[in-house]
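Trainee: Could we go through this structure together, starting with the helices and then turning to the pocket and the loops?

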Amino acid sequence: SDWLPGGGLYVQINATDDQDGRPPLSDFLSGVLNDMRGRRIPLAVVDLRFNTGGNAANIIEFTKALPEALPSDAPIYIVTSGDTFSAGIIAAARLKHFGGERAHVVGEQIGDREAFWAEGQDFVLPNSRLLIKSTAAFHDWKHGCTIFQIGYCYLFNYLWNAPAGDLSPTTPAPQSFGDYAAGRDSVLKAIGIAE
């Protein structure tokens, strides 16, 4: 995490898994919330552009607590890209759901739909030795799972219920080669934080 000019909060979550040799992600995110105490934070940016997934349980508390910890008029910018998948999508959906009208999706379209299959296992075919990934549970972060889907919808969809609607960017901000070459962040530029 970092503080932006003007006191805004910037948090980048590139994966929702714990990393060896580092504190657990949930502890790090709790620390971010603790650092916010006593500050009047004008806006928050949660960057999920490179979040290909992991263990969504690591971000559940944070995605509900962040909007609650911010002033009621502070916008929340949720940054996504075509590399935002699985638990990254769950994080975006929950931030948008709990952020309400002040939550804005910025960047590029997520890498999957808001409703997707996941939670499977890997196995190797015996003759070809090809790795196959199976999926066993349905997620619906757009509408939420209904009681009629209980046989195949991911159980935690019911516990973490946060139907967010459409996660398409409300402020499209594709990264251009020109911005990249010049060291500019097109998303922060679109939000109005950087030139």
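Predicted model: local features only at pLDDT ≥ 70, side-chain atom pairs only at ≥ 80, totals over all residues.

Trainee: Fine. What is the reach of helix α1 from its first C-alpha to its last?

Mentor: Helix α1, residues 25–36, has 12 residues and reaches 17 Å, close to the 16 Å expected at 1.5 Å a residue. The expected span is 1.5 Å times one less than the number of residues. Helices (H or I, at least four residues) and strands (E, at least two) are DSSP runs, numbered from the N terminus.

Trainee: Which residues of α1 are buried?

Mentor: Leu25, Leu29, Val32, Leu33 and Met36 are buried in α1. Seen down the helix axis, the buried residues of α1 fall within an arc of 95 degrees, so they line one face of the helix. The arc is that of the directions from the helix axis to the C-beta atoms. Buried means under 20% relative accessible area, exposed over 50%, and partly exposed in between (1.4 Å probe, protein chains only).

Trainee: What do the buried residues of α1 pack against?

Mentor: They pack against β1 (2–3), β2 (9–12) and α2 (60–69). Contact here means heavy atoms within 4.5 Å.

Trainee: Take Leu33, then. Which residues is it in contact with?

Mentor: Leaving aside neighbours within four places in sequence, Leu33 touches Phe62, Ala65, Leu66 and Ala69. Leu33 has a relative accessible area of 17%, so it is buried. Its C-alpha atom is separated by 7.8 Å from that of Ala65, 32 residues apart along the chain.

Trainee: And what follows α1?

Mentor: Gly38 follows α1, with a positive phi near 80 degrees.

Trainee: On to α2. What covers its buried residues?

Mentor: The buried residues of α2 are Ile60, Phe62, Thr63, Leu66 and Pro67. Their cover includes β2, α1, β3 (44–47), β4 (76–80) and α3 (86–99).

Trainee: Why is α3 described as largely enclosed?

Mentor: Of its 14 residues, 10 are buried, so α3 is largely enclosed by the rest of the structure. Among the buried residues of α3 are Ile89, Ile90, Arg94 and Leu95. The buried residues of α3 pack against β3, α2, β4, β5 (103–107), β6 (115–118) and β9. α3 reaches 20 Å from its first C-alpha to its last, close to the 20 Å expected. Just after α3, Gly100 takes a positive phi of about 65 degrees.

Trainee: Changing topic: what is the volume of the largest pocket, and what lines it?

Mentor: The largest pocket has a volume of about 300 Å³. Its lining includes Gln12, Asn14, Asp17, Asp18, Arg22, Leu25 and Phe28.

Trainee: How was the pocket defined?

Mentor: On a 1 Å grid over the protein atoms alone, a pocket is an open set of points with protein on both sides within 12 Å along at least five of seven lines, and lining residues have an atom within 4 Å of a point. Grid points are joined across faces, edges and corners, and the volume is the space filled by probe spheres set on the points.

Trainee: How many lining residues are nonpolar, polar and charged?

Mentor: The lining divides into 6 nonpolar, 3 polar and 3 charged. Ala, Val, Leu, Ile, Met, Phe, Trp, Tyr, Cys and Pro count as nonpolar, Asp, Glu, Lys and Arg as charged, and the others, Gly among them, as polar.

Trainee: Now the loops. Where is Pro71, and is it buried or exposed?

Mentor: Pro71 sits in the loop between α2 and β4, and counts as buried at 19% relative accessibility. Leaving aside neighbours within four places in sequence, Pro71 is in contact with Arg40, Ile41 and Arg102.

Trainee: And Gln149?

Mentor: Gln149 lies in the loop between β9 (137–140) and α4 (155–159), and is buried at 14% relative accessibility. Leaving aside neighbours within four places in sequence, Gln149 contacts Phe138, Gly144 and Tyr158.

Trainee: Lastly, what is the phi of Glu119?

Mentor: Glu119 has a positive phi of about 60 degrees although it is not a glycine. Glu119 lies in the loop between β6 and β7 (122–124) and is partly exposed, at 37% relative accessible area.

Conventions
Residues numbered from 1 in each chain as written. Heavy atoms only, no water. 1 Å grid on protein atoms, 1.4 Å probe; cavity = no way out; pocket = protein on both sides within 12 Å on 5 of 7 lines; lining within 4 Å.
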